[in-house]
Structures are given as structure tokens and as C-alpha cells.
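Okay, hi everyone, thanks for coming. Let me put it on the screen.

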Amino acid sequence: MSSTPKKRLLTGDTPTGKLHLGHYVGSVENRLALQDEYDCYFIIANKHAFTTRAERPDEIRQSVIDIATDYLACGIDPSKSNMFIQSEVPAIDELTFFFSMLIPFNRVMRNPTLAQEIKDKDLGDKYPFGFPLYAVGQTADILAFRPEIVPVGEDQLPHLELTREVSRKFNQVYCGVNPHAKDNENVQQGGLFPVIEPKLGRIKRLVGLGAPSDTGQLLKMSKSLNNAIFLSDDADTVQKKIMTMYTDPKRLRVTDPGETDPEKNPLWAFHEAFNPDKAWVAEHQEMYRGGKIGDVAIKKKLIEILNSILEPIRQRRKQYENRPDDVIAALKQGTANANVIAEETLALAKKAMRQDYFPRELRLK
Ligand code: ATP
Ligand code: MG
């Protein structure tokens, strides 16, 4: 038996609803593929949900359970992987405070994902102070686990870049790492934090069901934008959502002859993401382009494919819905395990910062 500990993987979701197909192709597929190879930590970032839902704590609580149930329904195995609740891992908050001193305020505000969220979620200038703070918090969500890899969708890349900057800065200021050190040499040179590498999913950004925004771009599928097919949707709901979804009325999904632009037509974006029969897709795209086949036939095929992917997830979900105590037990065990690593990281960080006064222990009751 090998005694080398497994490398760690960290990723997660905000409990602002249930998991959808975008999560599946953007991140969950990679989690399932990697859960044997890595020691996995899946954060349910409930405090981040307060950035837009501070007045609706019951919804957030329900969503924590929904997302944990979705994980289990997808095949995340709690005997191998740790799913945990962010607010029960206090070391993350403590690291957030220290990290917030290492990032210029204007740098946080220039984060394009924050700007996009303010626009898409119509937050105007009324968002709370904690909204930009969540981007700093996310660097701590990640670095508390000093992970080897972080599987995410494309919208997370700016957050991950900020995380890389925090690692470099912390390592230089408190661990004596040379500012010219290569990213992959930081830990070797005595740095506490790895300069992490994002791992994008098979589909980096799945579009949602709605029509394009004013800029002509289709918005990404998102829990909060009412444009999602949820992993928990039943077969009838999937059928309704697909049959009434937006498709490009001019069939303009072709940029150059033979080239496709699924950004312009979600119907084909979904086929390209989920239809395993690539020859079928190519053949029917040709017919569609030439006006020889209508939306309905292509939609029917898509409904069939999506339901065959979702059916086993629904079946497993039903089992866990009948055993809510098992979901809570898995969350509790995962949270206890997460605290072990996060406390260790915090202790090491405080030591590096010469702020290690009194050791402490943390235990869930
Ligand atoms: P919210 O609308 O509340 O921001 P969300 O749908 O964007 O919710 P998050 O919890 O913010 O979901 O994201 C969780 C993970 O799923 C992230 O890694 C994110 O990049 C990925 N993800 C979310 N939506 C998509 C998508 N449409 N395509 C690919 N990946 C996605
Ligand atoms: Mg999001």
C-alpha cells in the first residue's frame, strides 16, 4: 500500500438554487472523473449566497441541502470525497481577512466576473460591501486546501487569477520566495501556497435557454437567471423547457461555410455538448442549414438525449430525498474533514506571518 497522501482537489458551488446542466459539463464531470485519484473537497459556499440573498436565509439553507443532494445524485461518493459547508469552516474567514490585505481594492473591482455578475444579475450600484469581498473570500476558499487542481467553468478564471496573485504575494512577503520564482517553483522555494492551475471542463461555458442579451450574446446557463435545465427537472419539465426554448429565427448559426457558432443558437450548443453521435449532429446541421429540417425534430432528439442522461441522476436523487439524514451526515463528515486541512493551513499561514500565539483545536459537536 502506498503511503504517499493523495493530492487535493478543490471546487464548489454557491447555494443559490439547484445544479444545472452547465455545472454538469463545466465542473461535475471532472469531479466524477477525478474523485478516485484526488482527495476531493467540494465547498458549498453559503456565505457567498448572502451577497445577493441576505434577506432570504431559508432559501439559502434549502439550497445547501439541494446542492448536496445533487452531488450525491450525480455520483459523488461521500466515502471518497468531502462535501462541506463554507460557514462551518472558520479558518476560511480568517484567511480571507489576511488575504484582503494583500490585494489592492481597485484590483478586486477590476475583476471582469464581478462586473459581468453586476450586469447579468441587475445589481446596479446597490450591491453590498460583501459582494466584491466574496472574490477575496474565494481565494481563501481555495487556498485553505492548498489544492493541486481546481475544476471550474470559464467564468471562474478571473477569480482563479486573483487566487494565483494572492499565492505569489503571500509566498514572497511571508515565506521568502524570490519574486522572480516561476509559478511551479513557489512551493519548492518554501512558499506555503501553490500557484494553482485551473482545470476547465469539456464545455467551458454552456449557454442558457434564453434569447441573446442587448449585446447579441447568449447568457451563460445560470442558477439565478431563470434560463437553466436543472439536474433535478423531471422529464416533462425538460420537454417543456426545450420545446419552448429560444432558437435563432434566421438560423444564423453559421459564420463561414462549414463553420458553426453554437453561441448563436442554444439548440445546437446543447447538441454539441450532449449528443454523443457526432455524425448525427453533423448530418442534421447540414439539413438544418439548408432548411430541410425544422426545430421540432432537432428539439425532440435533444429531449430524448437529455432525459437519458438525467434519468439515472433522478433515480439516485429520489433515493437520497428519502434519506435526508444521510445527506446531513455526509455534509457533517465532509465538513469535519475540511476543518482538519483548513485549520492546518491557517496555522501554517499564521506561523509564516509571525502571528502564531496560541495553538487551538476545532471540533464539530
Ligand atoms: P449563480 O447564478 O448563483 O452565479 P451559477 O449557475 O453561476 O450560479 P456557480 O455556483 O456560480 O453557478 O458556479 C459553480 C461552478 O459551475 C463554477 O465552477 C462555474 O464556473 C461552473 N458553471 C456555472 N455555470 C456554468 C455554465 N453555464 N457553463 C459551464 N460552467 C458553469
Ligand atoms: Mg456564478
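Let's start with one residue, Ile142. Leaving out residues up to four places away in sequence, Ile142 touches Leu10, Pro147, Val150, Leu160, Thr163 and Ile196. Before I go on: this is a predicted model, so please keep that in mind. You'll find Ile142 in helix H7, which covers residues 130–143. Is Ile142 buried or exposed? It counts as buried, because its relative accessible area is 3% and the cut-off for buried is under 20%. And if you're looking for Arg31, 111 residues away along the chain, its C-alpha atom is 15 Å from that of Ile142.

Okay, zooming out. The chain splits into domain 1, made of 8–201 plus 324–352, and domain 2, which is 235–320. Going by C-alpha atoms, the centres of the two domains are 32 Å apart. How many residues are in contact between domain 1 and domain 2? It's 13 from domain 1 and seven from domain 2.

Now the nonpolar cores. The largest one has 52 residues, and the members that touch the most others in it are Leu21 and Phe274. Helix H12, residues 295–321, is the biggest contributor to this core, with eight residues. Both domains take part, too: domain 1 and domain 2 each put in at least three residues. If you click on Phe274 and ignore its neighbours within four places in sequence, you'll see contacts with Leu21, Val25, Leu206, Ile305, Leu306 and Ile309. There's also another core, apart from that one, with 40 residues, including Leu10, Ala91, Ala135 and Met353.

Last stop, ligand 1. It has 21 residues around it, and the closest are Thr16, Asp155, Lys220, Ser222 and Ser224. Which helix supplies the largest share of that shell? That's H1, with three residues. Strand S1, residues 8–13, and helix H1, residues 21–34, each give at least two.

A few polar distances to look at. His20 has a polar side-chain atom 2.9 Å from an oxygen atom of ligand 1, and Lys121 also places a polar side-chain atom 2.9 Å from a ligand oxygen. With Met221, a backbone N or O atom lies 2.9 Å from a nitrogen atom of ligand 1. On its own, the ligand would expose 600 Å², and the protein buries 95% of that.

That's my tour, thanks!

Definitions and conventions:
Residues are numbered from 1 along each chain as its sequence is written. Chains are lettered from A and ligands numbered from 1 in the order in which they are written. This is a predicted model: local features need pLDDT of at least 70, side-chain atom pairs count only at pLDDT 80 or more; totals for chains, interfaces and linings use all residues. Side-chain values use heavy atoms; hydrogens and water are left out. A nonpolar core is a set of buried Ala, Val, Leu, Ile, Met, Phe, Trp, Tyr and Cys residues joined through side-chain atoms within 4.5 Å. Buried means under 20% relative accessible area, exposed over 50%, partly exposed in between (1.4 Å probe, protein chains only). Helices (H or I, at least four residues) and strands (E, at least two) are DSSP runs, numbered from the N terminus. Domain bounds come from an automatic or database domain assignment. Contact means heavy atoms within 4.5 Å. A residue is near a molecule or strand if one of its heavy atoms lies within 4 Å of it. A polar contact is a pair of N or O atoms within 3.5 Å; within protein, one must be able to donate a hydrogen and the other to accept it, and residues adjacent in sequence count only if both atoms are side-chain atoms. Accessible areas come from the Shrake-Rupley method with a 1.4 Å probe; for residues, only the protein chains shown count as cover.
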